Amino acid sequence: MMQAPSPSDYQPLACRACVHGDALGFDFSMAFQPIVDVARREVIGYEALCRGLAGEGAAAVMAQVNDSNLYRFDQTCRVKAIELAARLGLEGYLSINFLPNAVYRPELCIRTTLEAARQYDFPIERIVFEITEVERVRDSEHLHTIVEYYQRSGFKTALDDFGAGYAGLNLLSSFQPDLLKLDRQLISQIDRNPVKATIVRHTVAMCLDLGITPLAEGVETTEELAFLLGCGVERFQGYLFARPGFETLPVVRWPS
């Protein structure tokens, strides 16, 4: 159970303190993985993924996150992603994961993000907040409030890892994000699994009915890609196109 926030948690953090890890007590960096539109052969954005300073995986970073520093970690991720994306000249959307249980009051928690966007001259309309759940959201109405506030503020939102963990239909019924990211476990070998195929076909149809853009994560084979294109999916992310690049924007390999 997360501890109650202290008054200092509501104060916006200085961008420099976040970029250099001063406010957190440990430092980390970011990798970027492309998000593509295959039909247009276009990179439409990148997801920022936390990494250790030597490129260690996200698990090594998350092992240092606990109830006492969850809020500051969430804030620091945002600033680091924006600063590095701006430095790399990232075009298109920047997707940033956020932990919903770390957001106490969205109008206060967003201040550091807005400050970073202004400081590094990164347009807020090109920022996508991905809802990532490492624990169950205790108050779905609170999450609805967060998403609604972010959307009103000009940010786009995405529901990450749909079909895995806590990211399911109950959560989707509480709010409608701009994008829904189909979990890679649903995508793996979908061309050879009729049950997965049925689930994904109907999920994509549901997204289109709700005005939500579906995005397939973890695409690794041309067979998976072909099946998903046939379902109406247009946006993709996965090793078939590029692995995450540590502190760089990797080159996309377009399937023939």
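User: Which residues is F73 in contact with, leaving aside its neighbours within four places in sequence?

Analyst: Contact means heavy atoms within 4.5 Å. By that criterion F73 touches L24, F26, F28, C50, V61, M62, V65 and L99. This is a predicted model, in which local features need pLDDT of at least 70 and side-chain atom pairs count only at pLDDT 80 or more, while totals for chains, interfaces and linings use all residues. Residues are numbered from 1 along each chain as its sequence is written, and side-chain values use heavy atoms, with hydrogens and water left out.

User: Which residues of the largest nonpolar core touch the most other members?

Analyst: A nonpolar core is a set of buried (under 20% relative accessible area, 1.4 Å probe, protein chains only) Ala, Val, Leu, Ile, Met, Phe, Trp, Tyr and Cys residues joined through side-chain atoms within 4.5 Å. Here the largest one has 64 residues, and F73, L94 and F236 touch the most other members. Helix α3 gives the most to this core, nine residues. A second, separate core of six residues includes I35, V128, A158 and L179.

User: How many helices and strands does the chain have?

Analyst: Helices (H or I, at least four residues) and strands (E, at least two) are DSSP runs, numbered from the N terminus. The chain has 10 helices and nine strands. Of its 256 residues, 49% count as buried.

User: What is the volume of the largest pocket, and which residues are the closest to its centre?

Analyst: Rolling a probe the size of a water molecule over the atoms shows where empty space is left. On a 1 Å grid over the protein atoms alone, a pocket is an open set of points where a 1.4 Å probe fits, with protein on both sides within 12 Å along at least five of seven lines; lining residues have an atom within 4 Å of a point. Grid points are joined across faces, edges and corners, and the volume is the space filled by probe spheres set on the points. The largest pocket has a volume of about 740 Å³. Its lining has 29 residues, of which E47, L49, A58, N97 and D160 are the closest to the centre. Strand β2 provides the largest share of that lining, five residues.

User: What lies closest to the centre of the second largest pocket?

Analyst: That pocket holds about 170 Å³ of space. Among its 15 lining residues, I44, Y93, V128, L179 and R235 are the closest to the centre.

How values were computed: Buried < 20%, exposed > 50% of the residue type's maximum accessible area, 1.4 Å probe, protein only.
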